[in-house]
Amino acid sequence: MAGWQRHFQSILRQVGKRLEHNYNTSVNFSGHHSSASLVPGELPNLQILSSLSSLNNSRPLYQYWQQLQLSTSRTLLASSSDETPISSPLTPVLALGSGKPEEQKVLSKPSKVQAVLKGIKQSPKKVNLVAALVRGMRVEDALLQLQVTVKRASKTVYQVIHSARANATHNHGLDPDRLLVAEAFVGKGLFLKRVSFHARGRSGIMHKPECRLTVVVREITPEEESEIAKLKVSNFLKLTKRERRLVPHKLIETTPIWNRKSKATTHG
């Protein structure tokens, strides 16, 4: 039993003894019912308090309230049918009237997905030459074009486009066969300056440029798909720059230029 329960019981015993003492003195002073015992129902509070003092100390506190004919508010609310339950402020408003759980919102697919590569150890101008080559192409055609491009930056751009396609496919559920390189732009990075020593005790400043490449891909619209189908069928037409990127020239060599091995020519 807790300390506050023992303290509460001692207070009840003291109050009961005081009431009994006051009652005895008043009876003796009036001279009536000196030898008579207490009539049941004459002083109900005194009987209840005296019975509380005789209870065992190990009993829990709620039994005392039950003996006093007191009940909690939960029992009172449960017994009364007129009481209406009050909604909790933590309960969502939409789920109050309906017993069904709240429906989850369907997440829409993003229109564009990007991939960024920072800290490229190359000049922004050199990387931009390769990025402008595949800007506006379909992802499949861009990857094929970069495999045969004789530029050091082509491998870097190839990796970023491949990463953007993986992000769109695995993270956002886009169709990898319908992806288009919407944007491919290069930003300037950190330019390191170092001392360059020259003849006759002279010196200059040597720049070591860095850049960052951002590739944004999106899905092809139905209008663009129909346009690509028409361009593939038509021959001997002068195409615009945008149309040439949608339908690039047919590639003969598909081996990457950075992995291509030189073959020795044999004369028969």
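Select glutamate 225 to start. At 35% relative accessibility, this residue counts as partly exposed. The model is a predicted one. Display both side chains. They meet in a salt bridge, 2.6 Å from N to O. Glutamate 225 sits in helix α8 (residues 222-233) and arginine 178 in the loop between α7 and β2, so this pair ties together parts that are 47 residues apart in sequence.

**Stay on α8**

Select glutamate 227 and arginine 242. Another salt bridge joins their side chains, at 3.0 Å, N to O. Glutamate 227 belongs to helix α8 and arginine 242 to helix α9 (residues 241-246), so the pair links parts that are 15 residues apart in sequence. Check the accessibility of each partner. Glutamate 227 is partly exposed, with a relative accessible area of 21%. Arginine 242 counts as partly exposed at 44%.

Select Arg138, Glu140 and Asp141. A network of salt bridges links these residues. Within it, pick out aspartate 141 and arginine 138, whose side chains meet at 3.5 Å, N to O. Are these two buried or exposed? Aspartate 141 has a relative accessible area of 17%, under the 20% cut-off, so it is buried. Arginine 138 is buried too, with a relative accessible area of 14%. The count of salt bridges in the model comes to eight.

**Select helix α7**

Next, colour the buried residues of α7. They are Ala153, Ser154, Thr156, Val157, Val160, Ile161, Ala164 and Ala168. Turn the view to look down the helix axis. The buried residues fall within an arc of 165°, so they line one face of α7. An α-helix has 3.6 residues a turn, so residues three or four places apart point the same way.

What covers that face? Show β1 (112-120), α5 (124-134), α6 (139-147), β2 (179-188) and β5 (211-219): the cover of the buried α7 residues includes these elements. Then step just past the end of α7. Glycine 173 takes a positive phi there, of about 70°.

**Move to α1**

Select isoleucine 11, in helix α1 (residues 3-30). With 37% relative accessibility, isoleucine 11 counts as partly exposed.

**Zoom out**

Show the whole protein chain as a cartoon. How many helices and strands are there? The secondary structure comes to nine helices and five strands. Trace the chain along the sequence, and the pattern reads α-α-α-α-β-α-α-α-β-β-β-β-α-α.

Colour by burial. Of the 268 residues, 22% count as buried. Switch to the surface once more. The protein chain exposes about 20,300 Å², and carbon and sulfur atoms supply 55% of that area. Finally, draw the contacts. Of those between residues at least 6 apart in sequence, 67% join residues at least 24 apart.

Note on methods:
Residues are numbered from 1 along each chain as its sequence is written. This is a predicted model: local features need pLDDT of at least 70, side-chain atom pairs count only at pLDDT 80 or more; totals for chains, interfaces and linings use all residues. Side-chain values use heavy atoms; hydrogens and water are left out. Buried means under 20% relative accessible area, exposed over 50%, partly exposed in between (1.4 Å probe, protein chains only). Helices (H or I, at least four residues) and strands (E, at least two) are DSSP runs, numbered from the N terminus. The arc is that of the directions from the helix axis to the C-beta atoms. Contact means heavy atoms within 4.5 Å. A salt bridge is a side-chain nitrogen of Lys or Arg within 4 Å of a carboxyl oxygen of Asp or Glu. Accessible areas come from the Shrake-Rupley method with a 1.4 Å probe; for residues, only the protein chains shown count as cover.
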